[in-house]
Amino acid sequence: MRIGDAAAAAGTTPRALRLYEQRGLLTPARSASGQREYGPAELARVRAVRGLLALGLTIEDVRHCADRLHLLAADPLPACPSAGPPSPAATVVQRRLAALDAEIARLTRLRRSLAERTGA
């Protein structure tokens, strides 16, 4: 399927698909005329990327674990190993969790300060 149909099927835009390709997250096949062609595997990968972005990861975070995106696109999802050294993906997740915790703490302080100043 072509980019417009693929974008609609994945719930995104052609522009987003081009960005994912530019950032190395997606490599669609090309037709003889050079048009992008998307199949079920590419759509599953796009959905995995969108799911990670929805969780608060950045495109750069996702790019760091792009070699494992096929695991998230699998159906059913494979089991996660519980032992061994942390994977690059786990490191990305831990870094993002720390950033989210810091932002939550900052917003909590801001809210508390605003409430104190306004008597709310």
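Analyst: Buried means under 20% relative accessible area, exposed over 50%, and partly exposed in between (1.4 Å probe, protein chains only). The model is predicted: local features need pLDDT of at least 70 and side-chain atom pairs count only at pLDDT 80 or more, while totals for chains, interfaces and linings use all residues. Residues are numbered from 1 along each chain as its sequence is written, and side-chain values use heavy atoms, with hydrogens and water left out.

User: What is the mean pLDDT of the protein, and where is confidence lowest?

Analyst: pLDDT is the predictor's confidence in each residue, from 0 to 100. The protein averages 88, and 90% of the residues score at least 70. Confidence is lowest in helix H5 (residues 69-73), with a mean of 81, and highest in H2, at 96. Helices (H or I, at least four residues) and strands (E, at least two) are DSSP runs, numbered from the N terminus.

User: With which residue does the side chain of Arg 106 meet in a salt bridge?

Analyst: A salt bridge is a side-chain nitrogen of Lys or Arg within 4 Å of a carboxyl oxygen of Asp or Glu. Arg 106 meets Glu 103 in this way, at 2.7 Å from N to O. The two are separated by about one helical turn because they are three residues apart in helix H6. Glu 103 is partly exposed, at 33% relative accessibility.

User: Which residues do salt bridges that share partners join into one network?

Analyst: That network consists of Glu 21, Arg 30 and Arg 36. Glu 21 pairs with Arg 30 at 3.1 Å, N to O. The closest N and O atoms of Arg 36 and Glu 21 are 2.4 Å apart. Arg 36 lies in strand E2 and Glu 21 in helix H2, so this pair ties together parts 15 residues apart in sequence.

User: How many residues does the largest nonpolar core have?

Analyst: A nonpolar core is a set of buried Ala, Val, Leu, Ile, Met, Phe, Trp, Tyr and Cys residues joined through side-chain atoms within 4.5 Å. The largest one has 20 residues; Leu 17, Tyr 20, Leu 25, Val 62 and Leu 69 have the most contacts inside it. Helices H1 (3-10), H2 (14-22), H3 (40-54) and H4 (59-64) each supply at least two residues of this core.
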